[in-house]
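Student: I am new to this structure. Please take me through it with a few questions and answers.

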Amino acid sequence: MFRLPVCPHCRAVYRYGEVNRMIFFHPTRERTCYHCKKSMKPLLRGLFLLAAIYLAVCFGSTIAIVNIFPNATALTVFIVNVCWTVLAFMLRPFFVIFKANEQKKKR
Ligand SMILES: [Zn+2]
């Protein structure tokens, strides 16, 4: 975790912006590694984990704010949750894993 995805064949590293673009436009499309030209597929399982962590953090921080600061307004809670949303959005590429694509086709 907290590592950018690498090619499952040759371990070529993908840059943050590249991964971001990939998962933004066609998240489930097959990819060809820029280095070894082999086929691979992004695994989005990690993103569900990120979403689960994000929801838990939002929920937890909302409860914490209300308990610790009784005078906190809905706006405070909203701003904090917006911060978490931005953070979760920025962390997405770190939760993607590339999986080797099976080339075997059934006839
Ligand atoms: Zn490769």
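Tutor: A residue is buried if 20 or more other C-beta atoms lie within 10 Å of its own, exposed if 12 or fewer, and partly exposed in between, with C-beta atoms placed from the backbone. This is a predicted model, in which local features need pLDDT of at least 70 and side-chain atom pairs count only at pLDDT 80 or more, while totals for chains, interfaces and linings use all residues. Residues are numbered from 1 along each chain as its sequence is written.

Student: Is Arg11 buried or exposed?

Tutor: Arg11 is placed in the segment before helix H1 (16-25); helices (H or I, at least four residues) and strands (E, at least two) are DSSP runs, numbered from the N terminus. Its phi is near 65 degrees, a positive value in a residue other than glycine. Because Arg11 has 10 C-beta neighbours inside 10 Å, the class is exposed.

Student: Where does Lys37 lie?

Tutor: Lys37 has a positive phi near 65 degrees, and is a residue other than glycine. With 9 C-beta neighbours inside 10 Å, Lys37 counts as exposed. Its place is the loop between strand E1 (31-32) and strand E2 (39-43).

Student: Why is one side of E1 and of E3 left without a neighbour in the sheet?

Tutor: Two strands pair if DSSP finds at least two bridges between them. The three strands form an open sheet in the order E1-E2-E3, with antiparallel pairing. One side of E1 and of E3 has no neighbour in the sheet because both stand at the edges, each with a single partner strand.

Student: Which residue in E3 is the bridge partner of Pro42?

Tutor: E2 and E3 run antiparallel and are joined by four bridges. In E3, the partner of Pro42 is Phe98.

Student: Which residues is Ile97 in contact with, leaving aside neighbours within four places in sequence?

Tutor: Ile97 lies in strand E3 (residues 97-100) and is partly exposed, with 17 other C-beta atoms within 10 Å. Its C-alpha atom is separated by 5.1 Å from that of Pro5, 92 residues apart along the chain. Two residues are in contact if their C-beta atoms, placed from the backbone, lie within 7 Å. With those neighbours left aside, the contacts of Ile97 are Pro5, Leu43 and Gly46.

Student: How far apart are the end C-alpha atoms over residues 75-98?

Tutor: The unreviewed UniProt entry annotates residues 47-69 and 75-98 as "transmembrane region"; such annotations may be inferred rather than shown by experiment, and positions are given in the numbering used here, with feature names shortened. Residues 47-69 are 96% helix and 0% strand, with end C-alpha atoms 32 Å apart. Over residues 75-98 the chain is 71% helix and 8% strand, and the separation of the end C-alpha atoms is 39 Å.
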